[in-house]
Amino acid sequence: MGLAGASIASAQSGLPVTGSAAVDATSADAKVAVEWLVDHGLQRLPRSFDGDKDWGDTKKVWSGVKMRMDGLELKTHRRFRDVEHGRWIKYQVNLPGDHMARPVEVRIHQVVPIVELSTAQQRWRIDSSVLVPMTFTAQIQRWSLGVKLFSVTVSGEMKVRMDSSATIGIYADYAKIPPDLIIDPHVERATLRLERFEVERVSHIGGDAAEAWGEIMQEVLVERFVKAQDDRLAQKLNKSIDKERDNLKISMSSWLMKLTPNK
């Protein structure tokens, strides 16, 4: 029966589906539901994210002494100025383009049927991982007291993994014939981590130096991008889901076609 079939049976009877019908919730059905949610979310995400670390940093240095006469008294005042200094990094992380067919990979680890006590509705707890390939480009500059020592550009690929545990209910909306399926997700836990990282090119540098810049960029992207997105991720996802409740529907014919491989 699966997620869709069990949900429709529940809606028709007005009772939660238990026993063998609940056990029939399969990983294949869960994967379809998660893939649909992921595709829906990717369409609404910005295609790129910008960030930096210490870009534009300066250091105050002595720049001489200003002298003036105050009557017969000579007064001096030390002068300082800010000059560019330190290691500057700015980067851009890009999501897969819209033209790519299913750029993300969805892995279902566990599907457990549950009954929500407050509403007596059938739901499923789905533990899954979503792997998203991304590209990045970064510019790295080194300044020493106002003098630019070098500027390099680093580009490459990375894969970010989101592990999550969510409950999903799928209910039939009989306002239409055939009925739409309303997907009702709630994220209980979500974490991000860097699954893979690879530098493809470092301008004007090769060998061990290129590898060293790759290690620096990996550290920066984990600190500035992955951890920033990971902060309160489940809360952010549920907030985004609530904004899209009216759009979380899929037609029965589309659902059945996804469940039928030869179609």
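1. Strands β2 and β3 form a hairpin with two residues between them. Gly 71, in the turn, has a positive phi of about 70°. The two strands, β2 at residues 58–70 and β3 at residues 73–84, run antiparallel and are joined by eleven bridges. Within this pairing, Trp 62 has Phe 80 in β3 as its bridge partner. The model is predicted, and the values below should be read accordingly.

2. For the chain overall, the secondary structure comes to six helices and nine strands. Of the 263 residues, 39% are buried. Contacts between residues at least 6 apart in sequence join residues at least 24 apart in 71% of cases.

3. Helix α5 covers residues 233–243, and its buried residues are Leu 233, Ala 234, Asn 238 and Ile 241. These lie on the same side of α5, because they cover an arc of only 130° around the axis. The face turned away from that buried side carries the exposed residues Gln 235, Lys 239 and Lys 243.

4. Gln 141 lies in strand β6, residues 121–144. With a relative accessible area of 8%, Gln 141 falls under the 20% cut-off and is therefore buried. Its side chain makes a polar contact of 2.9 Å with the side chain of Trp 143. Leaving out residues up to four places away in sequence, Gln 141 touches Trp 55, Gly 86, Arg 87, Trp 88, Lys 148, Phe 150 and Ser 151.

5. The whole structure has 14 salt bridges. One of them joins the side chains of Arg 196 and Glu 157 at 4.0 Å, N to O. This pair links distant parts of the chain, with Arg 196 in strand β8 (residues 180–202) and Glu 157 in strand β7 (residues 147–173), 39 residues apart. Arg 196 is partly exposed at 33% relative accessibility, and Glu 157 is partly exposed at 30%.

6. Asp 163 and Arg 193 also form a salt bridge, with the closest N and O atoms 3.9 Å apart. Here too distant parts of the chain are linked: Asp 163 is in β7 and Arg 193 in β8, 30 residues apart. Asp 163 counts as buried at 14% relative accessibility, whereas Arg 193 counts as partly exposed at 40%.

7. Arg 232 and Asp 231 meet through their side chains in a salt bridge of 3.0 Å, N to O. Arg 232 is exposed, at 51% relative accessible area, and Asp 231 is partly exposed, at 37%. Elsewhere, salt bridges that share partners join Arg 123, Asp 184, Asp 242 and Arg 245 into one network.

Terms used:
Residues are numbered from 1 along each chain as its sequence is written. This is a predicted model: local features need pLDDT of at least 70, side-chain atom pairs count only at pLDDT 80 or more; totals for chains, interfaces and linings use all residues. Side-chain values use heavy atoms; hydrogens and water are left out. Helices (H or I, at least four residues) and strands (E, at least two) are DSSP runs, numbered from the N terminus. Buried means under 20% relative accessible area, exposed over 50%, partly exposed in between (1.4 Å probe, protein chains only). Contact means heavy atoms within 4.5 Å. The arc is that of the directions from the helix axis to the C-beta atoms. A polar contact is a pair of N or O atoms within 3.5 Å; within protein, one must be able to donate a hydrogen and the other to accept it, and residues adjacent in sequence count only if both atoms are side-chain atoms. Two strands pair if DSSP finds at least two bridges between them.
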